[in-house]
Amino acid sequence: MALNRDPHVLVVGGSDSSGGAGIARDIETISSIGLRSCVAVTAVTVQTHQSVTAIHHMQPGLVADQMRAALRANKVSAIKIGMLSTGRVIAAVAAVLRENPRIPTVLDPVLASSSGRQLLEPGAIGVLKRDLMPLCRLVTPNLIELAILAGSDLAVDDDDALRQGGRLLAEGLRALLIKGGHATGSKSTDILLNSGREPIHFDMPRLAGSMRGTGCVLASAIAAHLAGAKPLEDSVREGKRLVFEKLVRGIEREFGLGA
């Protein structure tokens, strides 16, 4: 079969039976930006919007084979990675990225579900940092994930978060987007740390509501814009705007506002 020439984003991650996060949310987001998706499933989860009751891991070779098949079948212009679950899966994904170094990759380092269920083996964090994160164009941790990756306590302010992020950049990362959703204050500030450049702050008003899967939406939106050849800063700005708009619409539906 001939290569599909439409630009695609290859989504690598776990399924979410509730549809609130994971691959379903990624595909929905990428489609809303006008691009197509192809997928490599790393794990199948059994979950509702409140809890994860079971996780079934894919074999590492199967994950890598899915990625290579998607890359052969389609013009993959960006890769978005979410749940990876085990160190062996991380190593398999990293091997495929090394075969395709020109494709920009966005990694959302999913360590736990919003309900608190661990989604990555604790021993796999070292593999993630050593083998995968340096291969990615951008890594998008929230403050909790940043602290775990940096081996630190939760950042108490932007300066603390910048120190933790700088430590990770010094270990070989190309760029970090530190998400401020778990912070407090009237603004939700994400900070882009791009190696060799000054930090860039992206501010949005902090909303009272919440929505599952915002990390998936942000990372997949950034990947979609990178696939469209937008610069990293512009891709982050557009992704942040999309998340904000989705949150506003969610709050309006919850309270019966809007059209």
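Val11 first. Its relative accessibility is 0%, so Val11 counts as buried. A word of caution here: this is a predicted model. Val11 sits in strand β1, residues 4-16. What does Val11 touch, once neighbours within four places in sequence are left aside? The list is Ile23, Asp26, Ile30, Ser37, Cys38, Val39, Ala40 and Lys80. Take Ala24 as a distance check. Val11 and Ala24 lie 13 residues apart in sequence. In space, C-alpha to C-alpha, they are 9.8 Å apart.

Next, strand β2. That strand covers residues 36-47, and Gln47 belongs to it. Is Gln47 buried or exposed? Its relative accessible area is 14%, and the cut-off for buried is under 20%, so Gln47 is buried. Its side chain also has a polar partner: the side chain of Thr45, at 2.8 Å.

Now helix α5, residues 143-150. Six of its eight residues are buried, so the helix is mostly covered. The buried ones are Leu143, Glu145, Leu146, Ala147, Leu149 and Ala150. Note that Glu145 is on that list. What do these buried residues pack against? Three elements: α4 (125-132), α6 (158-170) and β7.

Look at the two ends of α5. At the start, Asn142 places a side-chain oxygen within 3.1 Å of the backbone nitrogen of Ile144. After the helix comes Gly151, with a positive phi near 65°.

Last topic: empty space. Rolling a probe the size of a water molecule over the atoms shows where empty space is left. How many cavities of 30 Å³ or more turn up here? The count is one. The largest cavity has a volume of about 30 Å³. Its lining is Gly82, Leu84, Ile90, Leu107, Asp108, Pro109, Val110, Leu120 and Leu128. By class, that gives seven nonpolar residues, one polar and one charged.

Methods:
Residues are numbered from 1 along each chain as its sequence is written. This is a predicted model: local features need pLDDT of at least 70, side-chain atom pairs count only at pLDDT 80 or more; totals for chains, interfaces and linings use all residues. Side-chain values use heavy atoms; hydrogens and water are left out. Helices (H or I, at least four residues) and strands (E, at least two) are DSSP runs, numbered from the N terminus. Buried means under 20% relative accessible area, exposed over 50%, partly exposed in between (1.4 Å probe, protein chains only). Contact means heavy atoms within 4.5 Å. On a 1 Å grid over the protein atoms alone, a cavity is a set of points where a 1.4 Å probe fits but cannot get out, and a pocket is an open set with protein on both sides within 12 Å along at least five of seven lines; lining residues have an atom within 4 Å of a point. Grid points are joined across faces, edges and corners, and a volume is the space filled by probe spheres set on the points. Ala, Val, Leu, Ile, Met, Phe, Trp, Tyr, Cys and Pro count as nonpolar, Asp, Glu, Lys and Arg as charged, and the others, Gly among them, as polar. A polar contact is a pair of N or O atoms within 3.5 Å; within protein, one must be able to donate a hydrogen and the other to accept it, and residues adjacent in sequence count only if both atoms are side-chain atoms.
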